[in-house]
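Here is a short briefing for a reader meeting this structure for the first time. Take a look at the model, then read on by topic.

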Amino acid sequence: MDYFYSPPQNISAREVIIDGDEYAHLTHVMRKTANDTIRVVDGLGTAYDVRLTDIKKKTAHGVILQKYQQHNEQAIDVTIAVGILKNPSKFDFLVEKATELGVRQIIPLITERTIPSHAKIDRWQKLALAAMKQCGRSFLPIVKELTNLDNLLNQKDSDAVKLIAHENPLVKIKSNDVKLTNAKSAIVLIGPEGGFSDDEVLLAEKAGYSVLYLGERRLRTETAAIVATAKLIG
C-alpha cells in the first residue's frame, strides 16, 4: 500500500486531509483518485488506512478505515548525533539509512575535526520524510539544528543510555555487548572524518557517555552511524 504523510492537525477522528507537497505527490505523481485506499502516517507513530473521498484543487480528503498505533516502530527511542561531513551526499545517505533503521532523532554535530560549518537541515528533514514513507514507518525522525558537541554534552535532561563511538579497542563496551532490553532511550555520538579527538572522548566520558567500540576496521562516519544504530535497535 502506498504511504503518505499528513501532520496531526490535518487528522480528525474520522477524516484525513492531505495538502501541500504530499497532495502534489498523491495526485500528480501517484495519480490517486476518489475511492482509492492509501495508508497515511502522522509522523508521531500512528498510521491510518484511508479511502479517498474527495480530491479538490489543493486538498485531498479521505475517511479513516483503520488505525494502527506505533505502526512499524520499535519501543526504544534512539538518537544519533553525528559530525557533519565534507561530502554532503554521504550525510544524505546517512539520514536515509538511519531513518530506515528506526532512529527518531538526528543531531548534526560540530566537533574539533568537523570541516563544514553549515548544515542542510531542510534537505535532511525532507530526506527523512521520504525515507519514512518508503520503509513504512509511522514516526518522522526529527533532524535537529546544527549543534556544538560541547553544548550537547552539557545537556543534563536525559536518562538515555549514552554512548560515543571510538576506534580505540581498549574500551569498556564492544558492539556485541550492547544490550538495551530495559532502556527506553539511547543516544550515540559518531565523529566526522578523523573521528573524535582524545579530549572530546574524555569530555564525553565525564558527561556520562560510555565508549563504544565497533570493531577492528576503521569505519567511515556514515558506516559507523548505520552499524551503531543497528546494534542499538537490534
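Helices and strands are DSSP runs, numbered from the N terminus; a helix needs at least four residues and a strand at least two. In that numbering, Val50 lies in strand 4. The model is predicted. The chain holds six helices and 13 strands.

**The chain as a whole**

- The chain has 234 residues, and 48% of them are buried.
- Its C-alpha trace spans about 60 × 35 × 30 Å along the principal axes.
- Take the contacts between residues at least 6 apart in sequence: 74% of them join residues at least 24 apart.

- Strand 3 (residues 37-41) pairs with strand 4 (residues 46-55) in the antiparallel sense, over five bridges.
- Within that pair, Arg39 has Asp49 of strand 4 as its bridge partner.

- Strand 2 covers residues 15-18. Val16 and Ile18 form its covered face, while Glu15 and Ile17 form the uncovered one.
- Strand 2 and strand 5 (residues 60-69) are paired in the antiparallel sense. The pairing runs over four bridges.
- Ile18 stands opposite Ala60 of strand 5.

- Is Val50 buried or exposed? Val50 has 1% relative accessibility, and buried means under 20%, so Val50 counts as buried.
- Neighbours within four places in sequence set aside, Val50 is in contact with Val16, Asp36, Thr37, Ile38, Val40, Gly62, Val63, Ile64 and Leu65.
- Val50 and Met132 are 82 residues apart along the chain, and 18 Å separates their C-alpha atoms.

**Helix 2 against helix 3**

- Helix 2 (residues 88-101) packs with helix 3 (residues 121-135) at an angle of about 40°. Their axes are 8 Å apart.
- The crossing of helix 2 past helix 3 is right-handed.
- Helix 2 brings Phe91, Asp92, Val95, Glu96, Thr99 and Glu100 to this contact. They meet Arg123, Trp124, Leu127, Ala128, Ala131, Met132, Gln134 and Cys135 of helix 3.
- By class, this contact has eight nonpolar, two polar and four charged residues.

**Helix 2 against helix 6**

- Helix 2 also meets helix 6 (residues 221-233). Their axes come within 9 Å and cross at roughly 10°.
- Angles under 35 degrees count as roughly parallel, so helix 2 is roughly parallel to helix 6.
- On helix 2, the contact uses Lys90, Phe93, Leu94, Lys97 and Leu101. On helix 6, it uses Thr221, Glu222, Ala225, Ile226, Thr229, Ala230 and Ile233.
- The residues of this contact divide into seven nonpolar, two polar and three charged.

**Residues in loops**

- Most residues other than glycine have a negative phi.
- Arg31 sits in the loop between helix 1 (20-29) and strand 3. Its relative accessible area is 64%, and exposed means over 50%, so Arg31 is exposed.
- Asn72 is in the loop between strand 5 and strand 6 (77-83). At 47% relative accessibility, Asn72 counts as partly exposed.
- Arg217 lies in the loop between strand 13 (210-213) and helix 6. With 72% relative accessibility, Arg217 is exposed.
- Where is Glu167 relative to Arg217? The two are 50 residues apart along the chain, and their C-alpha atoms are separated by 8.4 Å.

Definitions and conventions
Residues are numbered from 1 along each chain as its sequence is written. This is a predicted model: local features need pLDDT of at least 70, side-chain atom pairs count only at pLDDT 80 or more; totals for chains, interfaces and linings use all residues. Side-chain values use heavy atoms; hydrogens and water are left out. Axes are lines fitted to C-alpha atoms, for helices over the stretch in contact, and angles run from 0 to 180 degrees between N-to-C directions. A crossing is left-handed if the near helix is turned anticlockwise from the far one by less than a right angle, and right-handed if clockwise. Contact means heavy atoms within 4.5 Å. Ala, Val, Leu, Ile, Met, Phe, Trp, Tyr, Cys and Pro count as nonpolar, Asp, Glu, Lys and Arg as charged, and the others, Gly among them, as polar. Buried means under 20% relative accessible area, exposed over 50%, partly exposed in between (1.4 Å probe, protein chains only). Two strands pair if DSSP finds at least two bridges between them. Angles under 35 degrees count as roughly parallel, over 145 as roughly antiparallel, 65 to 115 as roughly perpendicular and the rest as oblique.
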